[in-house]
Amino acid sequence: MLIHTFHKSRRHRNSALWLMMSLPILCLLHPQQAGAQQHLIRFEKYQLPNGLTVILHRDTTVPVVAVTMMYHVGSKNETPGLTGFAHFFEHLMFEGSEYIPRKSFEKYITNAGGSYNANTTQDRTFFYEVLPSNQLALGLWLESERLLHLKIDSIGVNTQREVVKEEKRLRVDNQPYGTIFIEVLKRAFSGPYHWSPIGSMDDINRAQLGQFLQFYHTYYVPNNAILSIAGNIEIDSTKKLIQAYFGSIPKGKTPIPRPDPNEPPLTHEIKDTIYDHIQLPAVIEAYRMPKETSPEYYAAQVLATALSGGPSSRLNTVVKDQKQLAVAVASIPYFNEDAGLLINYAIANMHVNPDSLQQAMDQEVHKLTTQLLPEKEFEKIMNQIQTDVVSSNSTMLGIAESLADYQMFFGDANLINQQLQKYQQVTREEVLQVAKKYLRPDNRVVLYYLPISQKQAAGE
């Protein structure tokens, strides 16, 4: 992630690595409590002959435009021994092109009064520019340069190697609890979700220039991307600009590999201890969950919100406030294209034994597998979720990203207009059924994060 913002996706999937590292902050946020109304988001979708999918949403109430490009490539598309490529290209694609001088990408955006960012998940890479609406052509030119004239040479590769190394040191190696996401994934999955988007620095170090070029020419092609634009635009003139900037870009020449999503189920609880440079122990419980396109997805989101959706949720009310066993708790639903996780996380209060903390967490989880959510609690949760759905599409950037997400992973951009209805169809019985099915001890990874001093005291 180039500039580490935390854009809240309604599918809670974006930038999950950084979200995991920010859990102590996230759990203190107060959800908005209000009924939500979803207005119809009109859009037009079409495809260029080279396979580029284009989605356009016109909104004249704001003088800005969000130009976004989503590529259907993430760490899932990498191979063992060559991990971290998708995240590496997130950085490399700001390096410059044949017509954009090295290190000048940011200047074009900021000089025009805009902002930009990018992020990588296990399933896709997302770039955006938010610009004054009269700078639409600039955003289109910059994104087309990434596709047609990206500069991939030893200078840029070596520069970004150091950038990515520093990012990993800052965000993972030197961050308390910073390896949680990595440690969870390597135990929860055995297939393409086994490693995190940050990848291996050893892999990036030994990768050859030709391997980077091959990855780029395979995945960063028009027929593997969605150009989604939202803002104060004229549709006809925008189409002409898109044709001018993207129409001549050739379609990818090689088939786009898709990894086998068949991930064998966990058959027993996996429990381990990680020693870290921390002062307070933490308990992490990661349950395998359905993929994001599963019919169970919406009930699973309700379940996660019940556990830790704000200060009045189960883990906050009981484990943190009443029993005072934790200084911070969170429940992060992490749904991917082909698999999912629900990660419950708690940092122990001073002098609290991790076993006692886990027992309290398990008691709250067990209640959800044996009892229907009370009607009042269920209503509160639905209000929170509905507000979040509406809020996620309250900006031009949010709308553009949502349209691209739904098109890429569901094949239906119009799902942006159906989310409230789908949540409203969830019943308390469905939430209970999902809890029983997935919140089982034999379907989880349990990690204890302990201060490294305890390892030294134990003589390990």
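Domain bounds here come from an automatic or database domain assignment. On that basis the protein splits into domain 1 (43-247) and domain 2 (270-458). Keep in mind that this is a predicted model, where local features need pLDDT of at least 70 and side-chain atom pairs count only at pLDDT 80 or more, while totals for chains, interfaces and linings use all residues. Residues are numbered from 1 along each chain as its sequence is written, and side-chain values use heavy atoms, with hydrogens and water left out.

**How the domains meet**
- Taken over C-alpha atoms, the centres of domain 1 and domain 2 are 28 Å apart.
- Domain 1 puts 38 residues into the contact and domain 2 puts in 37, with contact meaning heavy atoms within 4.5 Å.
- About 3,200 Å² is buried between domain 1 and domain 2, and carbon and sulfur atoms give 72% of that. Buried area is the accessible area (1.4 Å probe) that two parts lose on being put together, summed over both.

- Five salt bridges turn up between domain 1 and domain 2; the rule wants a side-chain nitrogen of Lys or Arg within 4 Å of a carboxyl oxygen of Asp or Glu.
- Aspartate 272 pairs with arginine 187 in a salt bridge, with 2.9 Å between the closest N and O atoms.

**The domain 1 side**
- Strand 2 (53-58), strand 3 (64-71), strand 5 (125-132), helix 7 (180-188) and strand 6 (225-231) each supply at least two residues of the side of domain 1 that touches domain 2. Helices (H or I, at least four residues) and strands (E, at least two) are DSSP runs, numbered from the N terminus.
- Helix 7 gives the largest share of that side, seven residues.

**Salt bridges in the whole structure**
- Searching the whole structure gives 28 salt bridges.
- In one of them, aspartate 123 meets lysine 76 at 3.1 Å, N to O.
- Aspartate 123 sits in the loop between strand 4 (115-120) and strand 5, and lysine 76 in the loop between strand 3 and helix 3 (85-92), so the pair ties together parts 47 residues apart in sequence.

**What the UniProt record says**
- An unreviewed UniProt entry annotates residues 54-168 as "domain: Peptidase M16 N-terminal"; UniProt positions are given in the numbering used here, feature names are shortened, and annotations may be inferred rather than shown by experiment.
- Residues 54-168 are 37% helix and 23% strand.
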